[in-house]
Amino acid sequence: MTPTASVAAAGTSPWICPFCPLACDDLEVQVGAPDLALALNRGSCPRASESLSRISRAPGFVNDGAHNDGLRCDIATAIAAATRVLAASRQPLFAGLGTDVAGARALYPLACALGAVCDCAGGDAFMQGVRALQDRGQFTTTLAEVRTRADLIVFIGGLPGSVAPLTPQRCGITESRAAQRHVVLLGPNPGDAVQLSECAAPGVSCESIALCGDLFDSVALLAALVAQQSVRDAPETLRTLAARLRAARYAVLIGTPPSLPPQGSLIIETVHAIVNQLNRDTRAAALWVGGGNGAATANQVFTWLSGLPLRSRAGPRGLEHEPLVYGAQSLLDDNAVDALLWVSSFDAGAASSAVAKTELPMVVLGPPALGAACRRPGAVFIPVATPGVGSAGHVFRTDGTVLMPLRALYEDRWPTVASVAQRILKALGAERRL
Amino acid sequence: MSSMLLRGGRIVDPANPAAPQLRDLALHDGRVVEPIVGQRYDEEIDASGCVILAGGIDLHTHIGGGKVNLARMLMVEDHRSGADPIPLSVNPIELASCGSCAPGTLATGYRYVEMGYTAAFEPAMLSSNARHAHMEMGDVPVLDHGAYVMLGNDELFLQLLSEGGRLGRNFAQLRDYTAWTIASSKAMGVKVVNPGGISAFKFNQRKLDVDEPHVHWQVTPRQVLQTLACALHELGVAHPLHIHGSNLGVAGNIASTLDTIDALEGLSAHLTHVQFHAYGAEGPNKFSSAALQLAEAVNANPQISIDVGQIMFGQTVTASGDTMRQHANSGLANPRKWVGADIEGIAGCGVVPFRYREQSYVNALQWAIGLEIFLLVRNPWQVVLTTDHPNGAPFTSYPHLIRLLMDRSFRNEQLARLHPEVAANCALRSITRELTLEEIAVMTRAAPARLLGLRDRGQLGVGAAADIAVYREASDREAMFATPEYVFKDGRLVARAGKMVAVPVGGTHFVEPDFDRGIEKLLRRHWQAHGSIHFDHVAIGKDELCSCCNGGRLLPAACFPHAA
């Protein structure tokens, strides 16, 4: 039996967590009666615990189920209403895209049929990495490489925090390994240094280095020092860090795009420049922590199907990719689209601002808890199963190489994003043939 | 299901040489059947004036998986036309998908089928990326597909090899681990890329010759090659070890390539994209053709097969697992950007954009070397036609390549346009051989099917799968092979005169070698200590494979184990 094919039995179940881009698979969940909240039974992750606590399985609570124009309806009625909303649109926006591979596979033909612009939740941050890749490329590594071989780890801008709470653990910082390891927090967030020193294993030394100017200034200065350019007035801490990077056998620079400031792609590019410089003589790589809530998954799937990453559309002139123009929030702010399909099957909170603010005709696919936020005239809400909780599925891990299989903790009453998208596409075809 | 008769065509089917060429071809329920006089068929097609071949099979083309998707993301230029977007297809059956050297999976399927191909194999699947690779291949419409999983650079393999010493005392362990890797990733075979070299690069080694020890594990590429080739032989995997040799692209690398053949000690193997491994270091530019030496070695070793990896001039992107060599070549990137990665203690990847130029001495010679190899190897059953898509050129250049091989005057016209030193001095000028239609059919269908152990593909005998391409005979072989009149997949018409008419989901070929499950104890310990996912989540089961592959048919191929 494969993980994806099975539904876990009630009780304690090994679990692959879908709620952050690390997709940890060494946690366990206590699955009790439907009216009991799901809870971690083994392992500890604040993000997983919080996300699990939001899952409501018990039927009958007030906002349960699909609705259209603020009125409760069955799924079939909601799908028909969603089809009408989307068919009437001259330029729809598909946003959020919080789904698994199957959901993204099913959304793509629907997006093609409608000429929809597609962008993920947190698209501004996500595209920083995509644009840096398009412009200059990258040299990256993966969790197992960091865990087993990195003798120097530098967190650019501090720990990933709530984006991926168990990053230090997944990077082997909490394990006593033969290799001596040094961990640097460059520009840490408040509390990072304490958190790191509390979890670091014996033999792992930790250090915090304050920024010199802002994060970009500091990384640019570090790049110059690593390249052994003459830099006046560089702080000794950065000089020492540059020397450590040059001396390391395998240095890994870890950054968190969702935490970077606007124009963060410049920081990402500069980190890659440091890595490329180091790789002339020794070995180094970058690791980017982000792309959670299905963003990286949707981007991978849309890219392989079409050739183009997110922020693209099959428009009247052809396949258009506009990494700046096709940002979901700016399209909504500028009234450049006339309907919204929001997909958010992992995190109800990820939808809050876009969904709550817009007055456009709107279709929302999300966990039942999201229903209340979009109960209004002109809005259709269709509850969907969360992959890895109420359905099986696959999501990409942050390092891009591992596609994690998710399995259901229980049999959900709600359909998957994939099945809803397929039904809307079918209904759309029927409507257009009339 | 339906029946069909293709009447009056010329059937070129080198796998069944005794059958007459001029005969009718009958199909029933997706299979070739004996035509029966007087039988009524659901459909009859007049194929007079046409050549009928089995569907094309590309046994080495980078169509899906992590590095292919990185190539798509990197090559944003490939997905627009200057400042303009790429227009959508006017064919409503096609979903929007674009790209030439880094096409989307949908475009990949459409363009292959339009040329008469019905199967394609991804040669470099990382075991850690296997689910992703199967997902992408499942989204390549129509084509059957499969993949070779990469081994020989994973730290566990090298560690075990190191522990076993020169005598290979733990060979059974390595063989079982090889089998487990194939089975758990649902692979069709095993590829080794720069044996040991990807790992060595992680330990900051920049070069690795066939008999040079890995700086950390102290094992040599020769040991890696021998062990893997022997393991696959004993396991009875039909496709022999698929080898991307040492020192790719390095002047003088013919020595490594000949050492590689020597290391195999008579075991079967497939040397891939050999054009990139057939370079001498002679002449004023210290870069010369070693096609003749390579061809002599292949001619003398009938157990060796090759695919060429022909280059074509223009923009492409190279996508390879060979991090060591891609890093070395990254300075030549055009446009100037590249992607590299160290991956999971298993492998790596490097994606470097490249523009092959006619006026570059090196590029012109690479072009000539590829063609020389095609024309100097005597037995076409040892040669498969590839461009190592997209590394030498996009697969869409196959019709042009076929014309170069079949038409000497056309070939010489092209040669005259190249860098003058190459045009004047290369051996290609004096090679008069023109490949026949039969030889092209071998290199594009029959040989790859045989090398992969696909008994019912690549041929049109009774019982064969009805994967068929019907080309209208024309003296311009490029035009002829670019646009077949009809393409059938399992008996179903999928393209008509270069236009897709149906997009069924293709099937997945894989092998299931037997092995001692006791190896899993060791693997579980290794994953616990060195992995990043739980051992129980590594293997892909058949149900999961089905969902990865978009519900396409599962096509397990038999293994025929040999005694140790």
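**Exercise 1. Pairing in a sheet of chain B**

Task: Starting from Leu5(B), which stands opposite Ala26(B) in strand 3 of chain B, describe the sheet of this predicted model that has the strand order 4-3-1-5.

Solution. 
1. Strand 1 (residues 3–7) of chain B runs antiparallel to strand 3 (residues 25–28) of chain B, and four bridges join the two.
2. These strands belong to an open sheet of four strands in chain B, whose pairing is mixed.
3. At its edges lie strand 4 (31–33) and strand 5 (43–46) of chain B, each of which pairs on one side only.
4. On average, neighbouring strands of this sheet are turned by 25 degrees against each other, direction ignored.

**Exercise 2. The overall form of chain B**

Task: Determine how the radius of gyration of chain B stands against the globule rule.

Solution. 
1. The secondary structure of chain B consists of 18 helices and 27 strands.
2. For 564 residues the globule rule gives 24 Å, and the radius of gyration of chain B is close to this at 23 Å, so chain B is as compact as a globular protein of that length.
3. The C-alpha trace of chain B spans about 70 × 55 × 50 Å along its principal axes.

**Exercise 3. Two packed helices of chain A**

Task: Classify the packing of helix 3 (residues 101–114) and helix 11 (residues 295–306) of chain A.

Solution. 
1. The two helices of chain A pack at an angle of about 45 degrees, and their axes are 9 Å apart.
2. Angles under 35 degrees count as roughly parallel and those from 65 to 115 as roughly perpendicular; helix 3 and helix 11 of chain A are therefore oblique to each other.
3. The crossing in which helix 3 of chain A passes helix 11 of chain A is right-handed.
4. Helix 3 of chain A contributes Val101(A), Ala104(A), Arg105(A) and Tyr108(A), which meet Thr297(A), Ala298(A), Val301(A), Phe302(A) and Leu305(A) of helix 11 of chain A.
5. By class, the residues of this contact are seven nonpolar, one polar and one charged.

Methods
Residues are numbered from 1 along each chain as its sequence is written. Chains are lettered from A and ligands numbered from 1 in the order in which they are written. This is a predicted model: local features need pLDDT of at least 70, side-chain atom pairs count only at pLDDT 80 or more; totals for chains, interfaces and linings use all residues. Axes are lines fitted to C-alpha atoms, for helices over the stretch in contact, and angles run from 0 to 180 degrees between N-to-C directions. Angles under 35 degrees count as roughly parallel, over 145 as roughly antiparallel, 65 to 115 as roughly perpendicular and the rest as oblique. A crossing is left-handed if the near helix is turned anticlockwise from the far one by less than a right angle, and right-handed if clockwise. Two residues are in contact if their C-beta atoms, placed from the backbone, lie within 7 Å. Ala, Val, Leu, Ile, Met, Phe, Trp, Tyr, Cys and Pro count as nonpolar, Asp, Glu, Lys and Arg as charged, and the others, Gly among them, as polar. The radius of gyration is taken over C-alpha atoms; the globule rule is 2.2 Å times the number of residues to the power 0.38. Two strands pair if DSSP finds at least two bridges between them.
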